[in-house]
Amino acid sequence: MTASDFQRRMIDEKASRLLDSGNVKFEGVFGRNARFRILPLTPKNHEHLVFLELDTGVYSCDCKFSSLHPDVECSQIISAKRIWAAMNVIQAQQKT
Ligand SMILES: [Zn+2]
């Protein structure tokens, strides 16, 4: 396993913890962006905002990790992606 595989797995596990703890909140669509608020797992950490640009499908996050590693999806983005995908599945089911 390479260092980046290991890093990716840690990020993935953190995203799962965020989702399991109900810390990922979809706040709505504002203009052409969907906004998610990601509450911290511990009081020592900060909450973060994730934006999904609906026209391009590009996610962005205001966390430090994201600014340092723009090429790697942070745990907040991964958790927001999963919530968004789950919401779209529910909407698709309601239409049928
Ligand atoms: Zn982030």
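The legends below describe close-up views of a predicted model.

**View 1. The four-stranded sheet of the predicted model.** In this open sheet, 4 strands follow the order β1-β2-β3-β4, and their pairing is antiparallel. Because β1 (24-30) and β4 each have a single partner strand, they stand at the edges, and one side of each is left without a neighbour in the sheet. From one strand to the next, the twist averages 20°.

**View 2. The pairing of β2 with β3.** These two strands run antiparallel and are joined over 6 bridges, and within this part of the sheet R37 stands opposite L49 of β3.

**View 3. The two faces of β3.**

**View 4. The hairpin of β3 and β4.** The two strands run antiparallel and are joined by 4 bridges, with E53 having V58 of β4 as its bridge partner. Between the strands lie 4 residues, and in this hairpin G57 takes a positive phi near 75°.

**View 5. The largest nonpolar core and the surroundings of I38.** This core holds 15 residues, of which F36, I38, V50, Y59, I77 and A80 touch the most other members. Two or more residues are contributed by each of α1 (3-20), β2 (33-38), β3 (48-53), β4 (58-61) and α3 (75-95). Leaving aside residues up to four places away in sequence, I38 touches L18, N23, V24, E47, H48, V50, Q76, S79 and A80.

Terms used: Residues numbered from 1 in each chain as written. Predicted model: local features only at pLDDT ≥ 70, side-chain atom pairs only at ≥ 80, totals over all residues. Core = buried A, V, L, I, M, F, W, Y, C linked by C-beta atoms within 7 Å. Buried ≥ 20, exposed ≤ 12 C-beta atoms within 10 Å, placed from the backbone. Contact = placed C-beta atoms within 7 Å. Pairing = 2+ DSSP bridges. Axes fitted to C-alpha atoms, helices over the stretch in contact; angles between N-to-C directions.
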